[in-house]
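Please look at the sequence and structure below before reading on.

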Amino acid sequence: MSVVGSASITITDITDAYHLLFTKDTLVIPTAADGSGGVFDASTATTAAVYLGGVDDSANWVFSVTPTNVTGTSSESNKVYTLTGMSADTGSVSFQASKAGFAMITKIFTVSKSKAGAAGPALTLLATKLAFTATDGALDAGQSDITFTAVKQNVSGTSVFTSSPTVTLSGSGETRALSAANFGTNRQVTVTVTVGAYSDNVTVMRLDNAATAMAWVKPSTTNIDGNKIHTGDAYVDTLQIKGNAVIVPQLDYSHSETSKNTLNLGLEAYVWEDTDLSLSVTVPTGENYPLMIIANLFPTTCGAISYWRIIRGTSTEIGPPSLLAAYPENTYFGTPEYLYPRQLYYQETLTAGTYTYKMQVKGSFTYVERALVLISAKR
């Protein structure tokens with residue numbers, strides 16, 4: 001059988017295609033408003049490379065560059081291009097990569113300028129200092145003049161200087177001067193410069209000093225200005241405070257060291273006896289007083305079971321009677337023991353009225369020092 005013809009088919013894996021890549025594809029150079037300036041250094045360079053898939057195949061390619069509206073230098077066999085300047089607002093560098101048996105690959109690196117915005121109109125008034133000094137009301141001698149200078153930016157026209165209050169300013173053009181003599185007795189002077197619709201101002205102050213410290217003088221009268229009181233010495237006969245806002249502690253104290261005996265023989269005949277200690281407290285209508293009651297009693301000798309207590313009024317006990325002494329082992333024979341200096345402590349709240357508190361004793365003993373204390377608080 002004879003062969004009448006032949007043919008071939010080429011299959012290409014597209015992942016094996018060559019690509020020309022840059023380290024940066026575009027670059028923007030900041031410049032002045034007129035396009036001048038700009039930084040051209042290593043940061044403006046880009047590097048080209050040819051990749052086959054993920055493999056750098058640049059060593060097998062020949063590179064060339066064609067700049068447009070830019071200047072620069074090539075290195076590393078034209079793979080690296082560093083900008084040194086621009087002749088227009090936009091420019092480019094065309095990279096070509098060639099390899100025998102393959103089509104030329106071309107890619108363009110683009111460059112543009114970013115111009116700063118034009119400065120807006122502005123008018124500024126500068127001053128060499130902002131104050132004159134004075135001592136005890138008189139301007140200090142030998143002070144230099146204050147010079148004012150108008151600085152214009154994109155503003156045209158004649159600078160007009162004024163002052164408030166009106167004082168004499170010397171000078172012409174964009175500068176004026178104010179002397180201490182022309183400042184005079186003013187506390188402050190504001191100097192204003194105006195050019196068309198634009199203006200600026202500076203205020204010059206007077207700084208006063210005292211040669212000697214001023215002594216404080218007590219006012220001869222009391223002046224009440226709204227909620228403020230200006231006075232020297234204040235003498236108050238009656239001070240009224242709204243809403244009883246101040247709480248005042250009160251203490252009533254009764255004490256005696258006079259020796260006294262209580263002799264009640266026979267338990268059945270025991271009766272309560274008043275001591276010489278008695279205190280009273282009065283609570284106004286509509287008020288409530290917290291009250292603290294403290295009592296002390298120091299017996300010296302005892303001949304029978306003995307008690308003591310605090311009462312309110314004629315017989316109301318504030319608390320149960322307190323034992324002072326008792327017979328040994330709760331018998332009724334022998335000499336009573338457990339002789340103590342004792343203290344009683346009570347608290348209660350009183351409504352309106354007058355209340356009297358007394359210390360009472362019962363038994364057969366001698367007592368010397370005793371005390372009764374009432375502590376309350378009132379508004």
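## Terms and basis

Buried means under 20% relative accessible area and exposed means over 50%, with partly exposed in between (1.4 Å probe, protein chains only). By that scale Asp-57 is buried, at 11% relative accessibility.

The model is predicted, so local features need pLDDT of at least 70 and side-chain atom pairs count only at pLDDT 80 or more, while totals for chains, interfaces and linings use all residues. Residues are numbered from 1 along each chain as its sequence is written, and side-chain values use heavy atoms, with hydrogens and water left out.

A salt bridge is a side-chain nitrogen of Lys or Arg within 4 Å of a carboxyl oxygen of Asp or Glu. The count under this rule is nine. One of them pairs Asp-25 with Lys-107, whose closest N and O atoms are 3.4 Å apart. Asp-25 sits in the loop between strand E1 (18–22) and strand E2 (26–31), and Lys-107 in strand E9 (residues 102–115), so the bridge ties together parts 82 residues apart in sequence. Strands (E, at least two residues) and helices (H or I, at least four) are DSSP runs, numbered from the N terminus. Asp-25 is partly exposed, at a relative accessible area of 39%, and Lys-107 is partly exposed at 25%.

Glu-317 and Arg-309 meet through their side chains in a salt bridge of 2.5 Å, N to O. Glu-317 is partly exposed, with a relative accessible area of 34%, whereas Arg-309 is buried at 9%.

## Around Gln-96

Where is Gln-96 placed? Gln-96 lies in strand E8, and is buried, with a relative accessible area of 12%.

A polar contact is a pair of N or O atoms within 3.5 Å; within protein, one must be able to donate a hydrogen and the other to accept it, and residues adjacent in sequence count only if both atoms are side-chain atoms. The side chain of Gln-96 makes such contacts with the side chains of Ser-64, at 2.8 Å, and Ser-94, at 2.7 Å. Contact means heavy atoms within 4.5 Å. Leaving out residues up to four places away in sequence, Gln-96 touches residues including Val-62, Phe-63, Val-65, Met-104 and Ile-105.
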